[in-house]
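My notes follow, in the order I looked things up.

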Amino acid sequence: MNEMSANVYTTTIKNRSTITSEKPVQLTAAAKCDPGDRENQDSAYLKLDDSSIFVAVVADGVGGLANGGLVSGYITKAIEVWFNETISELRTLSIDEVQYEMKRVTDKTHEDLLAVAEETGQRHGSTMTFVILGKKKYALVQVGDSRAYLSNGNWVTRITKDQTVEEYEKRKLQ
């Protein structure tokens, strides 16, 4: 599949007392995988930059395709490099502009991976969930079925929609 369509989310965090209160916020990021009897193909990058911007990306290579672990590692490394190079600029942007930049780096990474696939003749793929969280807003870009959740300790809400053939077919029927 040469087409990639990313789900893009942006929101202001409202009515979530542990996030918008004057009290310190505890940020917890987690990644969980059950590779079963296969090789683990996950990769993650998490960074809290001087307590004002948090970035997280989790990528999971598609099982059954070539080099899933390398592909997911390439994705997280590309975003890590991008984040470290653009952090100063990101601080000056609106959340919509941050999200636009996130989508751009996602698209560029996808183009790079397509070029490698064309060169090598090997199909490969990965899911990805990529979030940048500011003090009161977040932006998220997602490809595939790696999920993101929002929680305050009392409730959990899934904030992404899976991009799978099954989900696509369900939405078509609605």
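**Entry 1: I132.** I started by listing what I132 is in contact with (heavy atoms within 4.5 Å), skipping its neighbours within four places in sequence. I got I53, F54, V55, W82, F83, L90, V98, M102, K137, Y138 and A139.

**Entry 2: ground rules.** This is a predicted model, so I noted that local features need pLDDT of at least 70 and side-chain atom pairs count only at pLDDT 80 or more, while totals for chains, interfaces and linings use all residues. Residues are numbered from 1 along each chain as its sequence is written, and side-chain values use heavy atoms, with hydrogens and water left out.

**Entry 3: the cores.** I looked up nonpolar cores, meaning sets of buried Ala, Val, Leu, Ile, Met, Phe, Trp, Tyr and Cys residues joined through side-chain atoms within 4.5 Å. Buried is under 20% relative accessible area, exposed over 50%, partly exposed in between, with a 1.4 Å probe and protein chains only. The largest core has 23 residues, and W82, F83, M102, M128, F130 and I132 have the most contacts inside it. The elements that give it two or more residues are β3 (53-61), α2 (68-90), α3 (95-120), β4 (126-133) and β5 (137-143). Helices (H or I, at least four residues) and strands (E, at least two) are DSSP runs, numbered from the N terminus. I saw that α2 gives the most to this core, with seven residues. A second, separate core of nine residues includes A56, Y138, A148 and I159. In soluble globular proteins, nonpolar side chains tend to be buried together.

**Entry 4: I53.** I went back to I53, which sits in strand β3. Buried or exposed? I53 is buried, with a relative accessible area of 10%. Not counting residues up to four places away in sequence, I53 touches K47, L48, F83, I87, R91, I132 and L133. I also checked I53 against G134: they are 81 residues apart in sequence and 4.9 Å apart in space, C-alpha to C-alpha.

**Entry 5: α2 on α3.** How do α2 and α3 pack? I found an angle of about 145 degrees, with the axes 10 Å apart. Axes are lines fitted to C-alpha atoms, for helices over the stretch in contact, and angles run from 0 to 180 degrees between N-to-C directions. From α2, V71, Y74, I75, A78, W82 and L90 meet V98, E101, M102, V105, T109, D112 and L113 in α3. I sorted the residues of this contact into 10 nonpolar, one polar and two charged. Here Ala, Val, Leu, Ile, Met, Phe, Trp, Tyr, Cys and Pro count as nonpolar, Asp, Glu, Lys and Arg as charged, and the others, Gly among them, as polar.

**Entry 6: S72.** I picked out S72, also in helix α2. S72 is buried, with a relative accessible area of 0%. Leaving aside neighbours within four places in sequence, S72 is in contact with Q41, D42, S43, A59, D60, G61 and S126.

**Entry 7: confidence.** I checked pLDDT, the predictor's confidence in each residue, from 0 to 100. The chain mean is 76, and 76% of its residues reach 70 or more. Among the elements, α3 has the highest mean (91) and helix α1 (residues 17-20) the lowest (30). Over residues 9-25 the pLDDT is below 50.
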